[in-house]
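Hello,

Here is the structure I promised to pass on to you. Please have a look at it first, and then read my notes below.

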Number of protein chains: 2
Amino acid sequence: MPANEETLGDTLGESTRLKTLDVGAQPSTTGIQEKVEPLKEIDDSANHTRNLEDKPASYCSLPSRGIHEHFLRDFFEIILENAVFEGTSRKTRVVEWADPAALQSAVDLKLRDNGISHEELLALVKNVIKYSVKTGHPHFANQLFSSVDPYGLAAQWLTDALNPSVYTYEVSPVFSLMEEEVLREMRKVVGWKDGRGDGIFCPGGSIANGYAINLARHHKYPELKEMGLFQGPRLIVFTSEDAHYSVKKLAAFLGIGTRNVCCVKVDDKGKMCVKDLEDQVRKTLSEGALPMMVSATAGTTVLGAFDPLSDIAAVCEKYKMWFHVDAAWGGGALMSSKHRHLLNGVELADSVTWNPHKLLAAPQQCSTLLLRHENLLQSAHGLKATYLFQQDKFYDTSFDSGDKHVQCGRRADVLKFWFMWKAKGTDGLEAHIDKVFELSKYFTNLVRNRDGWSLLQEPECTNVCFWYVPPSMRQLKGNELTNALHKVAPAVKERMVRKGSMLVTYQPLHGQPNFFRLVLQNSGLTEADMRFFVEEFERLADDL
Amino acid sequence: MPANEETLGDTLGESTRLKTLDVGAQPSTTGIQEKVEPLKEIDDSANHTRNLEDKPASYCSLPSRGIHEHFLRDFFEIILENAVFEGTSRKTRVVEWADPAALQSAVDLKLRDNGISHEELLALVKNVIKYSVKTGHPHFANQLFSSVDPYGLAAQWLTDALNPSVYTYEVSPVFSLMEEEVLREMRKVVGWKDGRGDGIFCPGGSIANGYAINLARHHKYPELKEMGLFQGPRLIVFTSEDAHYSVKKLAAFLGIGTRNVCCVKVDDKGKMCVKDLEDQVRKTLSEGALPMMVSATAGTTVLGAFDPLSDIAAVCEKYKMWFHVDAAWGGGALMSSKHRHLLNGVELADSVTWNPHKLLAAPQQCSTLLLRHENLLQSAHGLKATYLFQQDKFYDTSFDSGDKHVQCGRRADVLKFWFMWKAKGTDGLEAHIDKVFELSKYFTNLVRNRDGWSLLQEPECTNVCFWYVPPSMRQLKGNELTNALHKVAPAVKERMVRKGSMLVTYQPLHGQPNFFRLVLQNSGLTEADMRFFVEEFERLADDL
């Protein structure tokens, strides 16, 4: 860039070609003595003016006590009362249903030229809360997440106030070390000696699974990072037909293509059939394609099934495939000495997806990818951008973890989970897991022999899947029954949403009619809540 | 799954094969009359027990007034005082530096079997705040984000308390509509008639750029979603040598490979050379590869340069390439009638990355990808998972936007920006942008002719890039000067970090020695702050 060089040259009285220079290695770039002054000296000029203009304009992005303190306190009061305590009270609705058109009228979402007052903002916020689904409500059992964990919540609030981005130690010192601590402890829980390996926080389990696919690819064919997949052999990913759709979705995103994700059959419990896996691997080889990885699932989305990890590991070993375990949902069970056997063999994995925001009830989002391999993340994703990952910094830049990620800016999702772990201890997290498993067992026992109830299967995780057949349909048979039953779930769902009494989802699977899936992550629930769920289903469905 | 069918069959007194059924279309699945009961009826059983066990165990993920109210209030007080107000006060340090080993001792990060008390947690939190970099501090000008916007912050707190995941209207009604409103308004600002098109919130601008690459690919070769890139022709992405590294990083992730990202030369202002672009496109064609897209940059990471969008659009039109604009950084300028000319031609783009968490100072993260094309996101990423995107729901499922994303669970990043927009109005956002541009102009004028200062170039955005040459080096020439200057930046940086007086980053570029980049997003700053920055650089460097 001649122009810049000239500018510099001009200033210094000589036109000279400036080149990148070899600078000294860690730890000191200069040898210049530290020069730490007392802080008061640095502020004089700024503070003087600051005092003269203590009322910044209302558009300013800097908090001002005079303008914002009252507002922030009032806002917090509303959050604490309306969202945190009322929103998780059994005396309130899980949802105040409004269809899209009605909601448009009920909450003034429209953006306009002029801002609105603090009073109007606070009124608006109450409306946002009123019409939002209360995912922390005890009777929200609709997704693979629930709860508003009080410690997780507090830590999220702090994360927001500190507003960090975790790419360098320089701008995120505490969170850089905290991520290392949490990821290492999680690796220990997985079963890797001394927590060795590597790991990252990801924006959700889907993307964590995508990372796993890319790492499998990079491990086997490191040249593809540079070359791309063009002209190369077909790479095949194996996963079960009950695996989360993210494996296919991310395989498409990564250029592998959905047809190169082979869906292995599941047995009658929803677990991957290892024989079918091996058959499909052989078939793939016979077609000249390359079996690259198996993504096993520990806790499938619908049935909560755990694939036979040790057996799958053996197949991976035999055919030199990467062994990934998607434990986004079921990973929490590893915290419990009673339930961790469900994931026996996970320690043989090359990579593990594990979302503490699911079974462990950390706030959204807290997802991790854990690796048995060191240095692979950096090798697969690193590009060493010189504006961010300078190598002539004065501290040990091995703590700058950002280049391991495909994200650049990144929230400190670690703080909430670390804080929960601090507050409850490993023992508390174990108690939490044991409790939600007990609750699902209790619910299962309640409905096992109850009139009209039919379990799809004995739950392995905290998913309980069932049909409820209203009295009027109990004499139906064959297709007539199937037809009727398929329509029961959406009808009951509509009623529960309009009533707001609970939220439990439904879906079809394996050609079977719609069934409900109750799913538990909230350890604040009680046996009475389980009885409530059962009775409420009957109240909603019995006149169908 | 025979076992399940038997279970169901047994309950109903007949073994029958259940198959997927054709169910009625929208809007009503059943025609069954609504049945909305008064809410109090639903709670009796649960509440009874609830009162008996009002002290849930400390591990529980359900907030309890008795256990948590005090704690949450105390915690909030600490956040408000220590992080929000003190952390953004000019009387405090931007960072309390500790190197990794010292920080390990200063903050007890270790996770243990037992939880700790509320008192211990609060003390710990104070320490986390103390040693965290204050990114909302007026003198944090180190990255392409800063500020703790009071309205954005409040809205983040609420997002945490509601803990939503935005994939279906069913579980995120308010945020589903809010995303539509904000994305449509942003598209209007881009210049697309009536805000038509599509868009998504993404976990950062890097991933937004990755989406753009995948959409370019899918638009031209929709079959690759299924088939993968194997055996196909080489697809080429063009971007400038000064573009953000995420284009290469995501191209590698997407299977395109870093060598298939052609880096187009920049001119002496850091803008893409359109002639070189066209030369490289022709060369690509002559090699039998396929020019797929251009990723132009509106606001480059280091220099803040804006590529000539209209001219690039013409090249894209000529060679039928997808035209992406990475306006992650500079997009905010679109809000200002004074500065939006910098992005002239952006309305010709197929896709635009725009991060309100950068120039508009929304909290981390708030990143969007905006599309001129409708339906392409769903077509490129949709897989219609039946457990989540049921088609027999009772409401209009076109509001279930989750399948457009490669994420499944996803935070409601919209609320903070929507709330800021509500609070300030479009006019307030414009005033914010004008202010940060004015500040950078003021800073530039301050140093333009000042002894020892040398601007790399006249800033286009709010990045101001400069060398500061300490008095002792002002007589140096040629390589001697270059060598010395390259070491000034890391030395000054070390001093500023240890002192904690400000944070401003440095980097080399185009073979030139390390220079500083001051970058402004905080509209609460004043001219006095600009003078402080200038004088502080001199204080830190003058004895070198």
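**Where the two chains meet**

Across the interface of chain B and chain A, 93 residue pairs are in polar contact, both residues being at pLDDT 80 or more. A polar contact here is a pair of N or O atoms within 3.5 Å; within protein, one must be able to donate a hydrogen and the other to accept it, and residues adjacent in sequence count only if both atoms are side-chain atoms. By class, the side of chain B that touches chain A has 114 nonpolar, 76 polar and 63 charged residues. For these classes, Ala, Val, Leu, Ile, Met, Phe, Trp, Tyr, Cys and Pro are nonpolar, Asp, Glu, Lys and Arg are charged, and the others, Gly among them, are polar.

Before you go further, please note that this is a predicted model, in which local features need pLDDT of at least 70, side-chain atom pairs count only at pLDDT 80 or more, and totals for chains, interfaces and linings use all residues. Residues are numbered from 1 along each chain as its sequence is written, chains are lettered from A and ligands numbered from 1 in the order in which they are written, and side-chain values use heavy atoms, with hydrogens and water left out.

The contact (heavy atoms within 4.5 Å) takes 253 residues from chain B and 250 residues from chain A. About 23000 Å² is buried between the two chains, with carbon and sulfur atoms giving 62% of that area. Buried area is the accessible area (1.4 Å probe) that two parts lose on being put together, summed over both.

**Salt bridges**

How many salt bridges does the structure hold over all chains? The count is 77, and between chain B and chain A it is 14. The rule asks for a side-chain nitrogen of Lys or Arg within 4 Å of a carboxyl oxygen of Asp or Glu.

- Lys422(A) and Asp108(B) pair through their side chains at 3.2 Å, N to O.
- Glu81(A) and Arg65(B) form a salt bridge at 3.0 Å, N to O. Glu81(A) lies in helix H3 (residues 65-85) of chain A and Arg65(B) in helix H3 (residues 65-85) of chain B, so this pair joins two chains. Helices are DSSP runs (H or I, at least four residues), numbered from the N terminus.
- Lys393(B) and Asp400(B) meet at 2.8 Å, N to O. Lys393(B) counts as buried at 3% relative accessibility, and Asp400(B) counts as buried at 9%. Buried means under 20% relative accessible area, exposed over 50%, and partly exposed in between (1.4 Å probe, protein chains only).
- Arg498(B) and Glu494(B) meet at 3.0 Å, N to O. Being four residues apart in helix H15 (residues 478-499) of chain B, they are separated by about one helical turn. Arg498(B) is partly exposed at 23%, while Glu494(B) is buried at 12%.

**A buried threonine in chain A**

Thr284(A) lies in helix H11 (residues 274-286) of chain A and counts as buried at 4% relative accessibility. A polar atom of the Thr284(A) side chain lies 2.8 Å from the backbone oxygen of Gln280(A). Leaving aside neighbours within four places in sequence, Thr284(A) is in contact with Ile236(A), Phe238(A), Cys262(A), Ala289(A), Leu290(A) and Pro291(A).

Enjoy looking around!

Best wishes
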